[in-house]
Structures are given as C-alpha cells and as structure tokens.
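The sequence and structure come first.

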There are 2 protein chains.
Amino acid sequence: MEKLKRTDRLVVLSTLLTKNPNALFSLSDLATITGAAKSTISEDLTIVKEVFSLFSLGELSSIAGAAGGVVYKPVEHEEATGEFLEKLAERFSEPDRIVPGGFIYMTDVIYDPRIISRIGEIFFTKFCACSPDYIVTVETKGIPIAMMTARSFNVPLVIIRDSGRVTEGTSVSINYVSGSSQRIQTMSLSRRALPTGAKVLIIDDFMKGGGTAQGMHNLMKEFNAEVLGTGVVIATREPQDKLIKDYYALLELISIHELSKNILIKPFIENKETFLK
Amino acid sequence: MEKLKRTDRLVVLSTLLTKNPNALFSLSDLATITGAAKSTISEDLTIVKEVFSLFSLGELSSIAGAAGGVVYKPVEHEEATGEFLEKLAERFSEPDRIVPGGFIYMTDVIYDPRIISRIGEIFFTKFCACSPDYIVTVETKGIPIAMMTARSFNVPLVIIRDSGRVTEGTSVSINYVSGSSQRIQTMSLSRRALPTGAKVLIIDDFMKGGGTAQGMHNLMKEFNAEVLGTGVVIATREPQDKLIKDYYALLELISIHELSKNILIKPFIENKETFLK
C-alpha cells in the first residue's frame, strides 16, 4: 500500500471510530490498518478528538496501558438534546395521534432510524457512567429504541418476550399487571439470554403506572441481575406514584383528552432524586 | 469560528456522512457547517470518496442538480461479506445451539449490535438498487436486524404485530400458517403504519416453509404495497419448495440433528433465479 497522507488517515480513523461506537481500537490496530507509526496515529487522534469536541460530534476517550487505545463515545451536548426533545415533544403532541382509548400513536416516530439513533445516543449520554453489560427491553415497541441504545453502548440487547417461546429453550416467566391494560400478563426470558449477575439497563418506550417496568425489575432478580437504571421515552405525569421510583424519561405526557383531541407532552424535568439506583 | 484546516474538515465530513447512512447532504449544507467554500468542500469530498473506496468503507455517491449533494452508501465488498458469512455460519453451527424441538438458539447473535450492523449493511448492499420506502418485518426476533437494515437505507421500519393492539388504532389482520408451528396464526398491521402503494423490502430472521413470509406478502397486498424483495438471515434447505420463491438468504441451514447435536449451516449460494421480484 502506498503511504497514506494525514488527510487520508483522518478519513479512515473518523469513519472507523464513528461506525463502531464504544469499541476499543488499540494504537497498534490503527497503525496496522493505516500503515503509519503509532506516534503518527497518536497525533492524528488528537486532531480527531479536537474536531469531535468543536462540532459536538461525540467524545474520543483514551484508555491508557497495555490493553489501551481509543474509544468513540457518542455523547450528546445538553443543549442539542434539549432542542431535539422540544421538537420530539411537539411531534408527539400532534392532535391526530390520539387513537381510541386515549392512547398515542407513536410508532412512526419510534421506528424512524434517524430519530432513534439520536434517542439511543441520548440514553447513552445519560447512563454512560454506569457501564451496563446488557440493554434489556420487553417486546415490542421499545425494541428499536433499545437496539439503538445497545448500539451506542456496544453491548448486546436482551428482549423479554410476552410468553415463553419454543425456540429459545428453558425460560423463566413472571406475572405482572400492566398499567395500560390492568390485566395480569406474563413475561418470559430464556435462561441462556442473560448470564447470572449481569449489570443491565432497562429501556422501554412508555411508562404509565410502572407495572411493566416493575415486572422487568422482578424478572431481572430471577437472573440475579443488577438493574443500573431505567430509561423510557415517555412517562405519564399521572399517576405520580409509580411502581418504579428511579427512572429517567425523555418526555412527560402531562395530559391527553380524547374528546377535545388535546395532547400535552413536554421534555421531562428531572426531579432531585437520582434516577440511578 | 476560526477557519478550519482541510484535516479538520475531513474529520467533520467523514463523521457526518458515516453517522447518517443514505442521507443527502447538499454542498451548501456542508459548506455552512464547515465554513468553507463549496468548491473546497467538493475537493474534500473527492478525498473522502477515494479513501472510502480504498479501505472498503462504503461508497460516496454524488447526486447532481439543484437538489443534489452527496450520500454515503454503506455497501460492503463481496469478499468481506463472504468472510463475515463464513464466520457467522460457524457460530450458528455450534452444537450447543440446538434447543429441544430441533430449533437453533440465535438471539445472542442476532441481538448483537456489531453483528447486525454488518447484516444490515449486507442487506443494503444486496437490495440497494431497489430503493424501498419502508423495511417491513414481523415481531419479534427479526426486529433488530430489520431495524439495522432500515438504518442503512435511512427509511422507516414497519413492524407487523402478531395480534391487533389497542394502542395503534384501526388495523388489518390476516391469517397464515407458520411452517414451524403448523398452526393458524394471525398477523396485524395498523392502517396508518403504511401508506397505500408503498414500496417495501421484507426482512426476517428465519425462513423454513415460507408461510410467515407469504403471510407478510399477503398483508402487503391489503395495503397495495409493492414488495421489492425478501431477505432472511437463515433459510432452511428443506423444504426446497417454499411458499415464497424469490428470496435472498445470508445463510442456509442444511441439516440439524437433535440427537447427535449436529448443525450444518453454510453461506447461501444464490440460484440462477433472481431474488428480486
């Protein structure tokens, strides 16, 4: 291979890093890929780091030591997040989103790759201090968001099913009462989906009474998993007394009136309690 | 803002483009973001394009005209895909993946963000000539893969549910017989999830008899949607006579023996028939 110029190397480095969020690249790996000396790569990475910071494109973290290298962390600036959530709240507040029963039609938004890439990065930014081993969600609507969160953390996704499935071997099931249906439901997880003692972050699309989230917490106990936090896209203001206390929501559903077709959704204001357990 | 150097601009351009696959950036947008002249950006993009090609990082396509600009296409080289699929086939062939009933435990692989990012790009590469408006899948296990495919195409995901859900308004349901259960099942899609006449690509994790895929095709007819293609991760060799003829699989399940704990999975060899309808 012809020797690369710095300009060429910067394209390779920026692309590899941003395509693989939270993946560790050693200086040796990067030196091999680009055919440059480690000291040269080090200088290149300084430029990448500065530009990422200047343009709020995320952070480049250096990890020292023999097993060290660099990692791209897709963190968002608070200001950019605030603007994004304001717009998201407006979209969810569109009157024609009300479907019979007083529910909000959300799937066009929460299945849109550009939007949920951002949401995944926002959850990453919020929870990145706590290094989960797995992102856990329950089928179905939370899956795309949980998936993009898992991508930002570079950890596997675990999907709790709403019944035991023959194709996944032995499973553990628990019963829970979901706030939206007020019926006893079952959620199941394959025994081999999660090793015992794992650290997990729970991600879901919507929380009302917290019954589903509490069900997930209880199921996690069966796997001796440590729940590091719970993140949802929308939490309702009422009931204030939810079954799960420590959660983080992007947006708050303040009110919904089916008759007058009024929905009021705002960015969630964190209370003083910490959302990390 | 201080005037950026070419090195800095290349970091910004590479990062923005690869973070937003298949999204159009006009030269004016990029000029505004970086504070450089359009002619300068044009020269920068030539470098990005060459490096992407040299390192098989994808393609940069220029779109001419007033509404033109550049688009990053996350295409994979055939050789890299071949190596990846060989390794994937080996992983799925691990004997302890057999679960009672002769099924394969797949979720640790198909919920892993790094693996399914690659799978999404492989499906993109295979189907990128056909420009779908939506990626369609049926819950549950195919969702992460379909999501990453939707990300590569930069189009929304549509998830068919296995029953009508109260939170999505009016829905259309059809019955189908799934090959694995041999039971009549129902799949439903909210009327507003897909506009009439859309062009769709169907993505799923597994295909045996093709009953589920055929169900999706039939449901798409109810929405007057045009199915441009069907892609699955694993298709079984038997039955050869599947209900869906035109599909593309990444891997082929040649044989599975529960008693001797033998699984044989290989990269799928395309037959002469086209997989695009």
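Two salt bridges are counted between chain B and chain A in this predicted model. One salt bridge joins Lys19(A) to Glu121(B), with the closest N and O atoms 3.2 Å apart. Across the interface of chain B and chain A there are also 15 residue pairs in polar contact, both residues being at pLDDT 80 or more. On the side of chain B that touches chain A, at least two residues each come from helix H1 (6-19), helix H3 (38-54), strand E5 (103-104), helix H6 (113-127), helix H7 (143-153) and strand E7 (157-160) of chain B. The most is given by H1(B), with 11 residues. In total, 63 residues of chain B are in contact with 63 residues of chain A. The area buried between chain B and chain A is about 5,300 Å², and carbon and sulfur atoms account for 66% of it.

**Domains of chain A**

Chain A is split into domain 1 (6-73) and domain 2 (78-267). The contact involves six residues of domain 1 of chain A and five residues of domain 2 of chain A. Taken over C-alpha atoms, the centres of domain 1 and domain 2 of chain A are 33 Å apart. Domain 1 and domain 2 of chain A bury about 440 Å² between them, 50% of it from carbon and sulfur atoms. On the side of domain 1 of chain A, the residues that lose the most area to domain 2 are Pro21(A), Asn22(A) and Lys73(A), which together make up 80% of what that side buries. Zero salt bridges are counted between domain 1 and domain 2 of chain A, while three residue pairs are in polar contact across their interface, both residues at pLDDT 80 or more.

**Salt bridges**

Over all chains, the whole structure has 24 salt bridges.

| Pair | Closest N and O atoms |
|---|---|
| Glu139(A) and Arg161(A) | 3.4 Å |
| Arg237(A) and Glu252(A) | 3.1 Å |
| Glu139(B) and Arg161(B) | 3.4 Å |

Glu139(B) is in the loop between strand E6 (134-138) and H7 of chain B, and Arg161(B) is in the loop between E7 and strand E8 (171-177) of chain B, so the pair ties together parts 22 residues apart in sequence. Both Glu139(B) and Arg161(B) are buried. In chain A, Glu139(A) is buried at 10% relative accessibility, and Arg161(A) is buried with a relative accessible area of 5%.

For the remaining pair, Arg237(A) is partly exposed at 33% relative accessibility, whereas Glu252(A) is buried at 12%. A network of salt bridges links Arg6(A), Arg9(A), Glu43(A) and Asp44(A).

**Two loop residues of chain A**

Lys242(A) sits in the loop between strand E11 (226-236) and strand E12 (248-257) of chain A. Lys242(A) is buried but has no salt bridge, and the nearest side chain of opposite charge, that of Glu252(A), is 7.1 Å away. Beyond its neighbours within four places in sequence, the contacts of Lys242(A) include Met207(A), Lys208(A), Arg237(A) and Tyr247(A).

Ser178(A) is in the loop between strand E8 (171-177) and strand E9 (184-190) of chain A. Ser178(A) counts as buried because its relative accessibility is 4%. Not counting residues up to four places away in sequence, Ser178(A) touches Arg183(A), Gln185(A) and Thr212(A). The C-alpha atoms of Ser178(A) and Gly58(A) are separated by 37 Å, and these residues are 120 residues apart along the chain.

Methods. Residues are numbered from 1 along each chain as its sequence is written. Chains are lettered from A and ligands numbered from 1 in the order in which they are written. This is a predicted model: local features need pLDDT of at least 70, side-chain atom pairs count only at pLDDT 80 or more; totals for chains, interfaces and linings use all residues. Side-chain values use heavy atoms; hydrogens and water are left out. Helices (H or I, at least four residues) and strands (E, at least two) are DSSP runs, numbered from the N terminus. Buried means under 20% relative accessible area, exposed over 50%, partly exposed in between (1.4 Å probe, protein chains only). Lys and Arg count as positive and Asp and Glu as negative; His and the chain ends are not counted. A salt bridge is a side-chain nitrogen of Lys or Arg within 4 Å of a carboxyl oxygen of Asp or Glu. Contact means heavy atoms within 4.5 Å. Domain bounds come from an automatic or database domain assignment. Buried area is the accessible area (1.4 Å probe) that two parts lose on being put together, summed over both. A polar contact is a pair of N or O atoms within 3.5 Å; within protein, one must be able to donate a hydrogen and the other to accept it, and residues adjacent in sequence count only if both atoms are side-chain atoms.
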